[in-house]
Amino acid sequence: VANVFVSRVRSGDFIFRHGGEEFMIVCVELTPDEALNVAEKIRKAVAAESIALSPSGRLSVTVSIGVAGFDGRPDYQKLIERAKGALHDAKNQGRNICVLSR
């Protein structure tokens with residue numbers, strides 16, 4: 001899954017592990033709608049991936065993604081909280097979707 005993330009973001013973007021099963025991707029200089037478009041490409045790529053567990057076993061996974069755009073305020077904790085809120089909304093809306101925090 002991490003390989004899918006890396007292959008779908010630009011070299012100047014950042015990928016972090018954030019908690020047990022959560023990742024954070026910081027897309028620099030994108031509008032919220034552009035970031036949502038990147039998130040949707042990542043979501044589709046992860047769903048299309050088949051992960052080898054053993055020579056005879058494979059696993060398919062999906063991701064729910066919350067997107068928050070930088071609003072010009074230098075409070076990154078609030079930005080992360082907005083992204084987590086959007087992630088929570090995505091999970092509540094049935095999972096395997098992307099939700100933009102507004």
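Strand 2 (23-26), helix 2 (32-48), strand 5 (65-67) and helix 3 (76-92) each give at least two residues to the lining of the largest pocket. Helix 3 supplies the largest share, seven residues. Helices (H or I, at least four residues) and strands (E, at least two) are DSSP runs, numbered from the N terminus. This is a predicted model: local features need pLDDT of at least 70, side-chain atom pairs count only at pLDDT 80 or more, and totals for chains, interfaces and linings use all residues. Residues are numbered from 1 along each chain as its sequence is written, and side-chain values use heavy atoms, with hydrogens and water left out.

The largest pocket holds about 1200 Å³ of space. A pocket here is an open set of points on a 1 Å grid over the protein atoms alone, where a 1.4 Å probe fits, with protein on both sides within 12 Å along at least five of seven lines; lining residues have an atom within 4 Å of a point. The volume is the space filled by probe spheres set on the points, which are joined across faces, edges and corners. The lining has 39 residues, and Phe-23, Met-24, Ile-25, Ile-65 and Gly-66 lie nearest the centre.

In soluble globular proteins, nonpolar side chains tend to be buried together.

Val-67 touches residues including Pro-32, Ala-86 and Leu-100, leaving out those up to four places away in sequence. Contact means heavy atoms within 4.5 Å.

There are three aromatic pairs. Rings of Phe, Tyr and Trp (its six-membered ring) pair if their centres lie within 6.5 Å; planes under 30 degrees apart count as stacked, over 60 as edge-to-face and the rest as tilted. The table gives two of the pairs.

| Pair | Type | Centre to centre | Between planes |
|---|---|---|---|
| Phe-5 and Phe-23 | edge-to-face | 5.2 Å | 75° |
| Phe-70 and Tyr-76 | stacked | 6.0 Å | 10° |

Phe-5 lies in helix 1 and Phe-23 in strand 2, 18 residues apart. Phe-5 is buried, at 6% relative accessibility. Phe-23 is partly exposed at 35%, and Phe-70 is partly exposed at 49%. Buried means under 20% relative accessible area, exposed over 50%, partly exposed in between (1.4 Å probe, protein chains only).
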